[in-house]
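Look at the model below before reading on. The paragraphs after it go through the chains, one residue, and the contact between the chains.

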Amino acid sequence: MKSARPAQLFAIVFLTFVGISALVPRLWTPDSYETQLREALDAPPSARFPLGTDALGRDRMARLLYGTRVSLALAPAAALLSCLVAALVGGLAGLAGGWTERTVLASVDLFMSLPWLFLLLTVRAMLPLNVSPLVSLGITFGLLGLLSWPASARVVRAAIHALRDSDFILQARASGVTPWRLISRQLIPNVMPVLLAQFWIAVPVFILAEATLGMLGLGVSEPLPSWGSMLRELEGGNLRAQPWIAAPAVLLAAVVGCFQLIFPREDYSI
Amino acid sequence: MKTLVTQLGRILALVLLAGLASAVLMRWSPGTLVDERELDPRMSQETLTALRANRAAENSIGAGFVHYLKGAMRGDLGESTSRNAPIADLLTQNAPATLRRLGIGLAGAWLGGLGMAILVARFRQSWLLESAVSMTAGTLLSLPAAVLAYFCLTAGIAVETVLILVLVPRVFRFSRNLLVQAYGSSHIDMARARGISETRILFGHVLRSAAPQMAALVAASLSMAVGAIIPIEAICDAAGLGRLAWQAAMSRDLPLLVNLTMLIAMVATAAMAIAELAPLRPGESS
């Protein structure tokens, strides 16, 4: 446990560094993610292009930084959406009890009866595949947020259930506190730590899920870069001859590893 | 017996609900009511009207699902739109390879994951062992299954090994926590004080007290394995249900996806039910 603190500090510093680099990619490269340099197709790493260029002459470093921005900005956004839905559904079930609670639990069971990745794949396939990059971005991260609330909702329901029967809530009710005030002043602040934990657990899970969807061709569309779409290059490339094409995988592993150090969890999504 | 019937009812209800939910999604997915034949200029207005009426009848959720269930009872699961082949045939052709992979993958993952967990829990004073194993598990957990599959494909490693690599860290982390918890209980200290051997403590007490949660973990690992097999088979281009699901998704073969959804829901809920039917405590029936 003594060594955990420096490791966590290192992880925070590293994530901050990656976050700043993604926010200000011009610090590292003058090119945009879509600029095609026809005189430098498939160029190897150099001072100008630290990670070389792809088959269309696009700077891999620029694409990696912009892709990092997409993945690191939208995974938390999807996690926020997921937590909001979980709070609404779990909160409703915990507060209402009875049939509402049983219906919610049944729908949670239904969602959880399918492996999450398969569910994502199926629902993604039912939506249009040939869409603009921005729409594909919205669909990918929207789905991540909308399909992953069940586990969190179950946790929120349990927390609300425990709070509902607690002495201070009973006392507040007996004192004539209105339901809305009870929810906003007592329940939400007490459930917030649970939701916050669920949020931070979801972020790396969503980063990995986007990468998997991207590698399977169901993620963010070209030319917009994301870690998932950049990892697709691995399939067409030659890793032995061009090891630098694995840079997105290395950065992805490092970022998710840092999240694991800060927020340890047994099961990271596939 | 009552519990068994309840669980069977639950499995059936969940599978039917999963199928119905997929049918609803399929009905409302963009492009469902579009028929390319309608673009054919040779079609008369009457033919077009008849085509639309047919399509509307086919896409009626309630009637369509009942029709599907009736067909399924006779072994007719419908036709794949992308492959123009009976879905039942596609499933029976692809299932054996995936089942074999899942079997090998799960067995390997449990041998490796539980083996490492036992070592780490037994010698938990060894900082070096704990760090080395945790770091390896952490690295494997930080990579998506698809990336691991690609690396293994490049290195010429078998598909089953990829599944083992994906599952080992998950099995290890869960079971290590369970075993460390079990090793920390007072009756283990008592057993040690009485001079009982470590092997007997492990098999007679630690593994026994962790068994119910381990059973739940077996079911969870099956669900994880089914999820992981899709990107693994897709990236490694290995024939099986995972690759079939991916190809169905890419070609928007919705009838095939609905069938796969029901099949996977059945396997996953059955595994969960078996885990729940496992005794809560060693020697105690639920």
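Chain B has a radius of gyration of 24 Å, whereas a compact globule of 286 residues would have one near 19 Å. The model is a predicted one, and these figures are computed from it. The C-alpha trace of chain B spans about 90 × 50 × 25 Å along its principal axes. Of the 286 residues in chain B, 38% count as buried.

What secondary structure does chain B have? There are eleven helices and zero strands in chain B. Read along the sequence, the pattern of chain B is therefore simply one α after another, α-α-α-α-α-α-α-α-α-α-α.

The mean pLDDT of the chain is 83, and 92% of its residues reach 70 or more. Over residues 280-286 of chain B the pLDDT is below 50. Beyond near neighbours in sequence, that stretch of chain B has ten contacts in the model.

The C-alpha trace of chain A spans about 75 × 45 × 30 Å along its principal axes. Of the 270 residues of chain A, 43% count as buried. Among contacts in chain A between residues at least 6 apart in sequence, 68% join residues at least 24 apart.

Helix α2 (residues 60-96) of chain A has 37 residues, which at 1.5 Å a residue should span 54 Å. The end C-alpha atoms of this helix are 52 Å apart, so the two values agree. After α2(A) comes A:Gly97, which has a positive phi, near 65 degrees.

Now take a single residue. A:Phe141 lies in helix α5 (residues 133-147) of chain A. Is A:Phe141 buried or exposed? A:Phe141 is buried, because 26 other C-beta atoms lie within 10 Å and 20 or more are enough for that class. Leaving out residues up to four places away in sequence, A:Phe141 touches A:Leu74, A:Ala77 and A:Ala78. A:Val220 is 79 residues from A:Phe141 along the chain, and the C-alpha atoms of the two are separated by 9.0 Å.

The last topic is how the chains meet. How many residues of each chain are in contact with the other? In the model, 37 residues of chain A are in contact with 47 residues of chain B. On the side of chain A that touches chain B, α3 (98-112), α4 (116-126), α8 (179-215), α9 (227-236) and α10 (247-262) of chain A each supply at least two residues. The largest share comes from α4(A), with nine residues. By class, this side of chain A has 26 nonpolar, six polar and five charged residues. For the model, the scores are ipTM 0.82 and pTM 0.83.

Definitions and conventions:
Residues are numbered from 1 along each chain as its sequence is written. Chains are lettered from A and ligands numbered from 1 in the order in which they are written. This is a predicted model: local features need pLDDT of at least 70, side-chain atom pairs count only at pLDDT 80 or more; totals for chains, interfaces and linings use all residues. pLDDT is the predictor's confidence in each residue, from 0 to 100. Two residues are in contact if their C-beta atoms, placed from the backbone, lie within 7 Å. Helices (H or I, at least four residues) and strands (E, at least two) are DSSP runs, numbered from the N terminus. Ala, Val, Leu, Ile, Met, Phe, Trp, Tyr, Cys and Pro count as nonpolar, Asp, Glu, Lys and Arg as charged, and the others, Gly among them, as polar. A residue is buried if 20 or more other C-beta atoms lie within 10 Å of its own, exposed if 12 or fewer, and partly exposed in between; C-beta atoms are placed from the backbone. The radius of gyration is taken over C-alpha atoms; the globule rule is 2.2 Å times the number of residues to the power 0.38. The expected span of a helix is 1.5 Å times one less than its number of residues.
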